[in-house]
Amino acid sequence: MISGGSGAGKTLLLRAIADLDPHQGELRLEDVPSHNMPATRWRAQVCYVSSESQWWSDRVAEHFATAAPELCQSLGFPPDVLEWAVRRLSSGERQRLALARALALRPRVLLLDEPTANLDPDNTARVERLVCEYCKKENAAVLWVSHDPEQRRRLAQRHWVIEAGRVREENPATP
Amino acid sequence: MIHLSNLDLAIAALLVLALAFFAGRHHGPLGRQILIAGIRTTVQLLLIGLVLKALFADARLIWVLLMALVMLVVAGYEVRARQHRRFTGAWGYGIGSLSMFMSSFTVTFFALWVVIGTDPWYQPQYAIPLLGMLLGNTMTGVSVAMDRLNQSAWEQRERIEARLMLGHSAREAISHLRQQAVRSGLIPIINAMTAAGIVSLPGMMTGQILAGAPPVEAVKYQILVMFLIAVGTGLGTLGAVAISCRRLFDERQRLRLDRLREA
């Protein structure tokens, strides 16, 4: 879990880890440095889900590398969601489907930037459950940016705070 | 061919003055802009008339090449000037100039050497006007397409990066912008070919007919020129967009909008 004031650099950190911005320092995934694999493979395995999802085609299905109806169902969507038109989606629906299309890639690491910011408590619970189950099943890691102390208490194994350009680890028991 | 006297041109110039006067009264700076453009066209064309006269009298390859180089440099400058967001450094000038050079010069050389078969191949009466028409049209295609590509990449940064985040390649992530850019660069010449002879009589052919050439000969030259322009514009635009698309990303396929600067 990561927290910190707005403009502290949380998003920049996640973007650098996804290798979207030029950065210093070395990234390794299971001992393979990022520069030893194609950028496309790195980003599919270290998948960044931004706080505002973007959609470039008309239908939901066109944004999925592989159709994953069961992922969408566990986020509370009916099975025909892949046929829906993107422009009819609410912001909360977009946010959940953006998580689903990322999970469909079966990444080893998830970088989640406030994934429950626009969601009601029911859907927040669905997202938290799905991500936790995914991590257990796939043995994947998550870096989760959250402003919600309750959420951090529920989910965090470790907690870092970014402030004044520094990253500091907090005791997860006192978020 | 009926010779135009200076008086004839002066009468036409009076019409432009009248236009500038009326436009200026209601639309402020527009009148001044019309006047300046009118003066520029007079001076520039008179000068090029003198240059061509000297060039035709002393048709040496070195002079033709020098003239061609000047035209290319100016065209490259114009392409850069018409872009709202241009690449920083030498790329801003280089991408447009290189792709125009590759397309216009190759197509002109091909037309002179293989199609028309002038002797020598660089005979300036053919080489300079052909290159001029090709460069002029290619310049428009290249500048419109590059402007469109850079501007839309800037506006759609989040969408492009969203695709990169899902493991798409740079090529996939920018493919739809690339298509639009090439399309907008090529629409003018496609329209010109479609409308030629029905809606509009192309300028080159009109000029030849006014100068007394038989219409069917003029038409044949116009068809040749249209085809050459289409190929030149097409290759130049495709080339410029391809290089720009590469330059918009780095070796790790990151979108690098920091390589663009607002004009």
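Colleague: What makes E7(A) and E8(A) a pair, and in which sense do they run, parallel or antiparallel?

Modeller: This is a predicted model, and in it E7(A), residues 159-163, and E8(A), residues 166-170, are joined by 5 bridges in the antiparallel sense. Pairing asks for at least two bridges, so the two strands qualify. Within that pair, A:Val161 stands opposite A:Arg168.

Colleague: What lies between E7(A) and E8(A) in the hairpin?

Modeller: There are 2 residues between the strands, and A:Ala164 in the turn has a positive phi of about 50 degrees.

Colleague: How do you know that E1(A) pairs with E7(A)?

Modeller: Here the count is 2 bridges, and at least two are needed, so E1(A) and E7(A) do pair. Strand E1(A) covers residues 2-3 and runs parallel to E7(A). A:Ile2 stands opposite A:Trp160 there.

Colleague: Let's turn to E4(A). Which way do its residues point, and are they buried or exposed?

Modeller: A:Val46 and A:Tyr48 point one way, A:Cys47 and A:Val49 the other, and all are buried. Strand E4(A), residues 46-49, is joined to E5(A), residues 109-113, by 4 bridges, and the two run parallel. A:Cys47 stands opposite A:Leu110 in E5(A).

Colleague: What does A:Cys47 touch?

Modeller: Leaving aside residues up to four places away in sequence, A:Cys47 touches A:Ala102, A:Leu105, A:Pro107, A:Leu110, A:Leu111 and B:Met165. A:Cys47 is also among the members of the largest nonpolar core that touch the most other members. That core has 75 residues, and A:Tyr48, A:Val49 and B:Ala145 are others on the list. Helix H5(B), residues 124-155, gives the largest share of the core, 13 residues.

Colleague: Why is A:Asp21 called partly exposed?

Modeller: A:Asp21 has 18 other C-beta atoms within 10 Å. A:Asp21 is found in the loop between helix H1 and strand E2 of chain A. Not counting residues up to four places away in sequence, A:Asp21 touches A:Leu12, A:Arg15, A:Ala16 and B:Arg254.

Colleague: How many residues does each chain bring to the contact between chains A and B?

Modeller: Chain B brings 14 residues and chain A 18 residues. On the chain B side they divide into 4 nonpolar, 4 polar and 6 charged.

Colleague: At what angle do H4(B) and H5(B) pack, and how far apart are their axes?

Modeller: The angle is about 145 degrees, with the axes 9 Å apart. H4(B) covers residues 91-116, and the crossing with H5(B) is right-handed. The contact includes B:Ile95, B:Gly96 and B:Ser99 of H4(B), and B:Tyr126, B:Ala127 and B:Leu130 of H5(B). The contact residues divide into 15 nonpolar, 7 polar and no charged.

Colleague: And how many helices and strands does chain B have?

Modeller: Chain B comes to 9 helices and 2 strands. From the N terminus on, the order is α-α-α-β-α-α-α-α-α-α-β. The C-alpha trace of chain B spans about 70 × 55 × 40 Å along its principal axes. Of the 263 residues in chain B, 33% are buried.

Methods:
Residues are numbered from 1 along each chain as its sequence is written. Chains are lettered from A and ligands numbered from 1 in the order in which they are written. This is a predicted model: local features need pLDDT of at least 70, side-chain atom pairs count only at pLDDT 80 or more; totals for chains, interfaces and linings use all residues. Two residues are in contact if their C-beta atoms, placed from the backbone, lie within 7 Å. Ala, Val, Leu, Ile, Met, Phe, Trp, Tyr, Cys and Pro count as nonpolar, Asp, Glu, Lys and Arg as charged, and the others, Gly among them, as polar. A nonpolar core is a set of buried Ala, Val, Leu, Ile, Met, Phe, Trp, Tyr and Cys residues joined through C-beta atoms within 7 Å. A residue is buried if 20 or more other C-beta atoms lie within 10 Å of its own, exposed if 12 or fewer, and partly exposed in between; C-beta atoms are placed from the backbone. Axes are lines fitted to C-alpha atoms, for helices over the stretch in contact, and angles run from 0 to 180 degrees between N-to-C directions. A crossing is left-handed if the near helix is turned anticlockwise from the far one by less than a right angle, and right-handed if clockwise.
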